[in-house]
Amino acid sequence: MSCSSSSSSGSEEDNEEIDSYRKGGYHAVRVGDPFNSGRYIAQRKLGWGEFSTVWLAYDTQSSKYVALKIQKSAAQFAQAALHEIEVLSIITNGDPSNSNCVVQLIDHFKHAGPNGQHHCMVLEFLGDSLLRLIRYNRYKGLKLSKVKEICKCILTGLDYLHRELGIIHTDLKPENILLVSTIDPAKDPIRSGLKPIIERPECNLNGGSTMSIIEKKLKRRARNAVAKISGSKASMGVAVTKSGRCLDGIDVRCKVVDFGNACWADKRFAEEIQTRQYRAPEVILRSGYSFTVDMWSFACTAFELATGDMMFAPKEGQGFGEDEDHLALMMELLGKMPRKIAIGGARSKDFFDRHGDLKRIRRLKFWPLDRMLVDRYSFSETDAKEFAEFLCPLLDFTPAKRPTAEQCLQHSWLNMRDSIHKESTNDANMESLDAGMNKLQLKVGK
């Protein structure tokens with residue numbers, strides 16, 4: 001939740017936020033509240049996470065809108081904030097032109113609240129996450145031309161982090177990649193012409209208590225429940241739309257954000273990293289990791305952008321856990337894991353026998369990536385082949401064989417037109433050739 005303009009919703013998330021406020025640690029911010037000696041004025045809430053809340057704020061010094069990330073006050077969260085500030089400072093100082101597709105840190109300071117002292121980060125204001133873009137498109141998958149634009153931005157960011165700074169993100173996923181502007185122009189403070197609030201509105205003077213926040217959340221949950229019931233009733237007689245929305249007017253340039261779990265390649269802090277669905281096999285097996293874990297997560301993200309589905313969504317089963325199911329899903333898509341890799345991790349014996357076969361999931365249904373793209377997602381044979389040729393090297397079970405972000409940026413798939421465009425171009429060329437032949441025949445006939 002570094003600087004996203006999307007806010008959390010849904011009963012489960014509301015429950016978590018209400019419980020967090022009750023337990024303390026968050027700072028209850030009100031519209032118009034000043035921060036850092038009045039330099040930053042809170043405008044509206046953008047979102048919240050387990051460790052922090054994010055607000056749109058107005059910077060009175062630069063006359064610009066920014067994202068204000070307020071960390072919870074507990075000691076462990078303060079330590080995490082200091083780590084993120086350190087990483088973001090290095091990222092920002094190394095990119096004075098702001099051209100490497102990674103979020104920029106503008107300022108940081110401490111703020112005293114009723115629950116203690118909060119570390120605050122001021123970041124450039126960005127738009128919606130790629131996860132919200134996927135949802136906006138009704139999980140139908142983006143056009144490959146859009147996917148390529150987005151991939152170029154992500155790879156530019158990863159190349160900068162890996163090659164120039166030696167930083168591993170460790171939690172790359174659609175939620176942690178933000179568009180440079182909002183999907184809806186009305187939600188962008190610049191494009192919508194939003195007039196900044198400089199002073200706290202009078203109606204808020206007595207309305208910012210924790211209890212009022214909880215009441216608002218409960219009311220929203222009730223409205224969501226009613227809307228869900230109404231929606232399910234309406235959908236009973238309505239066919240589901242087969243195509244996604246038109247994204248032609250949306251700027252899909254994006255930046256990598258959220259460095260709370262980032263580390264240096266020569267200074268790793270945790271063995272268990274990455275959100276489950278984007279986790280690399282070496283992390284599951286505990287066989288050591290480096291920059292290549294980000295490349296695995298990138299491939300999973302690119303697939304999700306193109307199809308609307310997660311590449312791997314493991315579940316517990318009868319007699320086996322999520323980790324083993326995850327490894328099985330990987331092998332069904334990518335082929336059997338090399339024995340050396342399968343038995344080479346600290347946790348390998350939990351999942352594999354000495355031959356490199358899974359202990360509890362014996363029957364695998366192999367479905368190569370290119371065939372899946374055609375059979376399940378109706379890709380053309382050409383698009384499926386080209387996209388699979390781009391992704392499969394990134395999903396190599398041997399981490400050292402995965403291409404770097406720099407190498408990926410040179411891949412032909414990123415620099416070629418979609419097959420639809422090529423086919424239309426070929427059709428146009430054939431029409432021109434036919435016209436030329438007809439003219440030639442006319443001349444010969446004369």
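Analyst: Let's start with a term: accessible area here is worked out with the Shrake-Rupley method, using a 1.4 Å probe, and for a residue only the protein chains shown count as cover. By that method, the chain has about 22,600 Å² of accessible surface, and 51% of that belongs to carbon and sulfur atoms. Keep in mind that this is a predicted model.

Before zooming in, here's the setting. The chain has 446 residues, and 47% of them count as buried. Its secondary structure comes to 14 helices and 10 strands. If you take the contacts with a separation of 6 or more, 68% are between residues 24 or more positions apart.

UniProt, in an unreviewed entry, puts a "binding site" feature at Lys69. You'll find lysine 69 in strand β4, which covers residues 64-71. Is lysine 69 buried or exposed? Its relative accessible area is 4%, and buried means under 20%, so lysine 69 is buried. What does its side chain pair up with? The side chain of lysine 69 makes a polar contact of 3.1 Å with the side chain of glutamate 84.

Threonine 182 sits in a loop, the one between β8 (177-179) and α5 (210-235). Its side chain reaches the backbone oxygen of aspartate 184 at 2.8 Å.

Next, hop over to a helix. Aspartate 159 belongs to α4 (residues 144-165), and at 11% relative accessibility it counts as buried too. Aspartate 159 and glutamine 407 are 248 residues apart along the chain, yet 9.1 Å separates their C-alpha atoms. Leaving out residues up to four places away in sequence, aspartate 159 touches Glu164, Ala405, Glu406 and Leu409.

Last stop: a pair of helices. Two packed helices are described by the angle between their axes and the distance between the axes. Helix α7 (residues 292-307) packs against helix α12 (residues 381-391) at an angle of about 160°, and their axes are 10 Å apart. That makes α7 roughly antiparallel to α12. Where they meet, α7 brings Phe298, Ala299, Ala302, Phe303 and Ala306, while α12 brings Phe387, Phe390 and Leu391.

Methods
Residues numbered from 1 in each chain as written. Predicted model: local features only at pLDDT ≥ 70, side-chain atom pairs only at ≥ 80, totals over all residues. Heavy atoms only, no water. UniProt positions renumbered as here; feature names shortened; annotations may be inferred. Helix = DSSP H or I, 4+ residues; strand = E, 2+ residues; numbered from the N terminus. Buried < 20%, exposed > 50% of the residue type's maximum accessible area, 1.4 Å probe, protein only. Polar contact = N/O pair within 3.5 Å; in protein donor to acceptor, adjacent residues only side chain to side chain. Contact = heavy atoms within 4.5 Å. Axes fitted to C-alpha atoms, helices over the stretch in contact; angles between N-to-C directions. Parallel < 35°, antiparallel > 145°, perpendicular 65-115°, else oblique.
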